[in-house]
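Could you keep this note open next to the viewer? I've put my comments in the order I'd click through them.

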Amino acid sequence: MIPTCRQWIGAASSVVALTGAGISAESGVPTFRGQGGLWKNFKPEDLATPEAFARDPRLVWEWYDWRRTLLAQVEPNSGHRALVQLEAAKPGFTLITQNVDGLHDRAGSRRPLKLHGDIWRLECRQCGRDWPDRRAPLPKLPPRCGCGAIARPGVVWFGEPLGEVWAEAEHAARTAEVFLIVGTSSLVYPAASLAPIAKAAGARLIEINPEGTPLSAHADASLRGLAGEVLPDLVNVSRRDESLDG
Ligand code: OAD
């Protein structure tokens, strides 16, 4: 199936990749669901909702600070790097991610569309400021904005709408000829609706995941493997064949 997928990618002028926590698993970042997943040990309603933050900002921040500290110790992997290569080879390439971990940026992706925000940014809902802060751990929890209000992590929580980035992601899905779905359980909406949107508009769907998902049955190719192994295989050999230049 991989040679066929390479041909599809090579012939397409617009390729979109949607990534989830699974692409960072080989870097040592826990996923959310499945074995060892964060939502096995923590409850989203205690840590990842606006209500939880209003109730106990320090508790929520302790969890995000722990995740930031863990992320500061890991590196992007060959899956992230393969997508950088794909971007370099394909002018019509768009990367959409549900991940907040910043590993796509660190690998060298130019402008990933971050559906769920960025854990390395802080926001103030009081004065509207948002800014980058890469310190981990943060010196004081909860961190504060210059205006005095408590800052929040620059991420999207359950029950919150996605930002302006959604319109761009949806447009990319509608115009994609090939849509790669990498390392996501395809359970969280609206992100999970992008692949069906792309498919309805005529894209070929290629799923890369060691396990089946609700989307697998609709994929044109379901490549059961690790992102860090399958993606380089899909991208490198295509480059050697020069088929990505199509
Ligand atoms: P999940 O934890 O739900 O799913 C991770 C997926 O990655 C699973 O389907 C695994 O089988 C797969 N996987 C694991 N290791 C892999 C590997 N090495 N290569 C490829 N795939 C692998 O994570 P997401 O789908 O990203 O939302 O979760 C979506 C959203 O739910 C997250 O963005 C987060 C979470 O709650 C917010 O924080 C708003």
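Here are my numbered points on the model.

1. Ground rules. This is a predicted model, so to speak: local features need pLDDT of at least 70, side-chain atom pairs count only at pLDDT 80 or more, and totals for chains, interfaces and linings use all residues. Residues are numbered from 1 along each chain as its sequence is written, and side-chain values use heavy atoms, with hydrogens and water left out.

2. Strand 4. Have a look at residues 117-123, which make up strand 4. Helices (H or I, at least four residues) and strands (E, at least two) are DSSP runs, numbered from the N terminus. Six of the seven residues in strand 4 are buried, so the rest of the structure largely encloses this strand. Buried means under 20% relative accessible area, exposed means over 50%, and partly exposed is in between (1.4 Å probe, protein chains only).

3. Its partners. Which strands pair with strand 4? One is strand 6 (residues 152-155), antiparallel over four bridges; another is strand 5 (residues 130-132), antiparallel over three bridges. Two strands pair if DSSP finds at least two bridges between them.

4. Leaving aside neighbours within four places in sequence, R68 is in contact (heavy atoms within 4.5 Å) with residues including W61, L122, D133 and R135. Q73, in the loop between helix 6 and helix 7 (78-89), counts as exposed at 60% relative accessibility. Q73 and G28 are 45 residues apart in sequence and 9.2 Å apart in space, C-alpha to C-alpha.

5. The ligand. Of the 22 residues around the ligand, F32, R33, T184, S185 and N209 come nearest; a residue counts as near if one of its heavy atoms lies within 4 Å. A polar side-chain atom of E26 lies 2.8 Å from a ligand nitrogen atom. A backbone N or O atom of F32 is 2.7 Å from a ligand oxygen atom, and a polar side-chain atom of R33 is 2.6 Å from a ligand oxygen atom. The protein covers 91% of the 790 Å² of accessible area that the ligand has on its own (Shrake-Rupley method, 1.4 Å probe).

6. A cis peptide bond joins L141 and P142, with omega about -10°; P142 lies in the loop between strand 5 and strand 6. The bond from Y189 to P190 is also cis, with omega near 5°. S186 has a positive phi of about 55° although it is not a glycine, and S186 is buried, with a relative accessible area of 9%.

Conventions. A polar contact is a pair of N or O atoms within 3.5 Å; within protein, one must be able to donate a hydrogen and the other to accept it, and residues adjacent in sequence count only if both atoms are side-chain atoms.
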